[in-house]
Amino acid sequence: MAVNPQLFPNGMPVPFVNEMFVLARDGVEFEVDKIPGSDGGRLKAKGTIYLSNIRMVFVSNKPVGNFIAFDMPLLYVHGEKFNQPIFFCNNISGQVEPVVPENQHGALYSTHSFKILFKEGGCGTFVPLFFNLISSVRQYNQHQHPNAGPQPHVDPLQAAQTPVDEMMRHAYVDPNDPTRIFLQQPTPESQLRRRTYQSQPAGQ
């Protein structure tokens, strides 16, 4: 996880090299804990979730204190679960490990719990794509690195090699779900790409 990843002026996350955005889902509410400077560390905001072959990024409709966006590498997410409570809206909950900055000790950072609440419209497109993608990323990573240690020591950008084209072409589209699937990448005019979680973006 990383707080406030780099965004384009339109709110779209600046992509990594070889990153492919799969979908965007507006009208979600996002909850996460252990955010510095927020009330009791817990934060709640409304906005858009972007899902790619590397990560999931929540971008808030408006800043909440210093918080604008939250980046969750798919290889660092675990315990994800789809919840369908009787009296509340459907949601996905889970945990995500922190992306520890270079030269900092991992013990200073702890696991975040998050929840994505689908308050506007259905989620029949988003949920299957999310679970299929995270499962494919894990399988592909284990296949490529069978002796890899615990996930937080893995480079989150390894997930970029997971083949996603076929999954997107055969995605089920729920007419009640406002998710937008990207059949073309959304920022073709920009050559800006990030190379690592630690770096600033560099033009290519």
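A residue is called buried when its relative accessible area is under 20%, exposed when it is over 50%, and partly exposed in between, using a 1.4 Å probe and protein chains only. Because its relative accessibility is 77%, I86 counts as exposed. The structure discussed here is a predicted model, in which local features need pLDDT of at least 70 and side-chain atom pairs count only at pLDDT 80 or more, while totals for chains, interfaces and linings use all residues. Residues are numbered from 1 along each chain as its sequence is written, and side-chain values use heavy atoms, with hydrogens and water left out.

Consider the chain as a whole. It has 2 helices and 11 strands; these are DSSP runs, helices being H or I of at least four residues and strands E of at least two, numbered from the N terminus. Starting at the N terminus, the order of elements is β-β-β-β-β-β-β-β-α-α-β-β-β. Of the 204 residues in the chain, 47% are buried. Where contacts (heavy atoms within 4.5 Å) join residues at least 6 apart in sequence, 64% of them are between residues at least 24 apart.

Now the interior. A nonpolar core is a set of buried Ala, Val, Leu, Ile, Met, Phe, Trp, Tyr and Cys residues joined through side-chain atoms within 4.5 Å. The largest one holds 45 residues, and the members touching the most others are F30, M56, F114 and F126. At least two residues of this core come from each of β2, β3, β4, β5, β7, β8, α1 and α2. Helix α1 gives the most, with 7 residues. Leaving aside residues up to four places away in sequence, M56 touches a number of residues, including I49, F70, F114, F126 and F130. There is also a second, separate core of 10 residues, with F8, Y50, V57 and F182 among them.

Charged side chains form another set of links. A salt bridge is a side-chain nitrogen of Lys or Arg within 4 Å of a carboxyl oxygen of Asp or Glu, and the whole structure contains 7 of them. One joins R55 to E19, with the closest N and O atoms 2.8 Å apart. This pair links distant parts of the chain, since R55 is in strand β4 and E19 in the loop between β1 and β2, 36 residues apart. Both R55 and E19 are buried. Together with D71, they are linked in a network of salt bridges.

Another salt bridge is formed by D177 and R25, at 3.0 Å from N to O. D177 lies in the loop between α2 and β9 and R25 in strand β2, so this pair ties together parts 152 residues apart in sequence. D177 and R25 are both buried.

In a further salt bridge, E31 and K44 meet at 3.7 Å, N to O. Because E31 lies in strand β2 and K44 in strand β3, the pair ties together parts 13 residues apart in sequence. E31 is buried, with a relative accessible area of 15%, whereas K44 counts as exposed at 53% relative accessibility.

Finally, the surface. Accessible areas come from the Shrake-Rupley method with a 1.4 Å probe, and for residues only the protein chains shown count as cover. The chain has an accessible surface of about 10600 Å², 51% of which belongs to carbon and sulfur atoms. I86 sits in the loop between β6 and β7. With F87 and F88, I86 forms a nonpolar surface patch of about 490 Å² accessible area together. Patches are made of residues with over 30% relative accessible area and no salt bridge, where like charges are joined within 9 Å and nonpolar side chains (Val, Leu, Ile, Met, Phe, Trp, Tyr) within 5 Å.
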